[in-house]
Amino acid sequence: MKVDLLKLPPGEALEVIAKNVAKCRRCSLSAGRTHSVPGEGSAQAEVVFIGEAPGFNEDQRGVPFCGRAGRLLDQALENISWKRQSVFITNVVKCRPPNNRDPLPEEIVACQPFLNWQIKIIKPLMIVTLGRFSMAKFLPHVKISQVHGQVYPLRWQGLRLVVVPLYHPAAALRSGRLRQVFLDEFAKLPGYLNLAKKGFWFSEEEKEMVEEAGASQQLKLI
Ligand code: SF4
């Protein structure tokens, strides 16, 4: 991308990314896609949800999380009175892997700049990873079965982020127990976000940075 994305208004910068995703040929997933799925939501989102890859429905429509797993995500958002258009929802790879297989390491690496730019433009306070592939981006040496629902404050590319790894909604749909775990952990997100806004996990210096970011973004979630 030749334009300086950080100099554009965030909404325009995200559109530039989406246009670049639509014409991207950086990995072989471009060959089988119907539509690329760059992600959607607010450029001022306080919370970014990151899943794994588009599935059949997402590929058909170019919309993230619009199939069965998306309906569970929508229900979870509704349970906590967060509007889908007030958060940002995307995936680690933006094109559908054949037969919904796992994305390959080289595909994740090829697609990484798009996700990195989305995060740098939005500057969220919280990232909720859905499943192990997005979790591994921030927490590479852990197992989701051991860390799901926990809070990880960390620095990433100059940003202070609160990362919460959750099960992928598709995994949650495979078991009644996991579905309830997913919904119960999701219900704790507003509390974690409030603490993040107050700089609970940050030093005094970092709190100032969070407050400045909050003021500049004029954040609206509900
Ligand atoms: Fe490009 Fe990502 Fe699609 Fe691969 S998955 S073709 S890197 S947009």
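Predicted model: local features only at pLDDT ≥ 70, side-chain atom pairs only at ≥ 80, totals over all residues.
Biologist: Which residues are around the ligand?

Modeller: Among them are Cys 24, Arg 26, Ser 30, Lys 94 and Phe 114. A residue is near a molecule if one of its heavy atoms lies within 4 Å of it. Helix α4 (residues 105–122) gives the largest share of this shell, 3 residues; a helix here is a DSSP run of H or I with at least four residues, and a strand a run of E with at least two, numbered from the N terminus.

Biologist: What makes Phe 182 and Phe 186 an aromatic pair that is tilted?

Modeller: There are 4 aromatic pairs in the count. In this one, the ring centres of Phe 182 and Phe 186 are 5.5 Å apart, with 55° between the planes. Rings of Phe, Tyr and Trp (its six-membered ring) pair if their centres lie within 6.5 Å; planes under 30 degrees apart are stacked, over 60 edge-to-face and the rest tilted, so this pair is tilted. Both residues lie in helix α8 (residues 176–186), 4 residues apart, about one turn of the helix. Together with Phe 49, they form one aromatic cluster.

Biologist: How do you know that Lys 120 lies over the face of Trp 117?

Modeller: Lys 120 is 4.5 Å from the ring centre of Trp 117. The rule asks for NZ of Lys or CZ of Arg within 6 Å of the ring centre and within 35 degrees of the ring normal.

Biologist: Why is Phe 65 called buried?

Modeller: Its relative accessibility is 5%, and buried means under 20% relative accessible area, exposed over 50%, partly exposed in between (1.4 Å probe, protein chains only). Ser 81, at 46%, is therefore partly exposed.

Biologist: What is the phi of Phe 65?

Modeller: Phi of Phe 65 is near 50°, a positive value in a residue other than glycine. Ser 81 has a positive phi too, about 60°. Most residues other than glycine have a negative phi. Phe 65 is found in the loop between α2 (56–61) and α3 (68–79), and Ser 81 in the loop between α3 and β3 (88–91).

Key: Residues numbered from 1 in each chain as written. Heavy atoms only, no water.
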